[in-house]
Amino acid sequence: SVDGSTSSSPAAIPREVHQTCTACRQLFPLRPGWAGAPTTCEICRRPFCEMYWGCRGMTGPGSLAPLSAHPMDVQPSHSFGGNRAERDLLAAHVAIHRGNRWASVWED
């Protein structure tokens, strides 16, 4: 781990509070105010163990990465919780004001 812990097993640190990784569902230590790498997505506020000790989940490494590392050429299907009206409204905005360039949405 990046904080000097020698064990990657939550059981090895019984008195600590843990959180569950959104990607792999593994427990990892909760470190409020920790000055190391972020463990929570700044957009969805969900915890990810990727930056703590490397996620071993189905999504593999890179689950938690800067937005610039994720290519954006279409609107994500899960945006707005799948709400079709909201998705259509955003798609119309991007088509009119962004020349249908989804990548420009993240550039702002």
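Here is a short walk through the structure shown above, from its overall layout to its cysteines.

This is a predicted model, in which local features need pLDDT of at least 70, side-chain atom pairs count only at pLDDT 80 or more, and totals for chains, interfaces and linings use all residues. Residues are numbered from 1 along each chain as its sequence is written, and side-chain values use heavy atoms, with hydrogens and water left out.

Let's begin with the fold. The protein chain holds 3 helices and 2 strands, where helices (H or I, at least four residues) and strands (E, at least two) are DSSP runs numbered from the N terminus. Of contacts (heavy atoms within 4.5 Å) between residues at least 6 apart in sequence, 40% join residues at least 24 apart.

Now for the surface. The protein chain exposes about 7500 Å², with 56% of that coming from carbon and sulfur atoms; accessible areas come from the Shrake-Rupley method with a 1.4 Å probe, and for residues only the protein chains shown count as cover. Of the 108 residues, 25% count as buried, meaning under 20% relative accessible area (1.4 Å probe, protein chains only).

Finally, the cysteines. How many disulfides does a search of the whole structure find? The search gives 0, a disulfide being a pair of cysteine sulfur atoms within 2.5 Å. Cys21 is in no disulfide, and its nearest cysteine sulfur belongs to Cys49, 3.6 Å away. That distance is too far for a bond between Cys49 and Cys21. Cys21 counts as buried because its relative accessibility is 0%, and Cys49 counts as buried at 1%.

Definitions and conventions:
Buried < 20%, exposed > 50% of the residue type's maximum accessible area, 1.4 Å probe, protein only.
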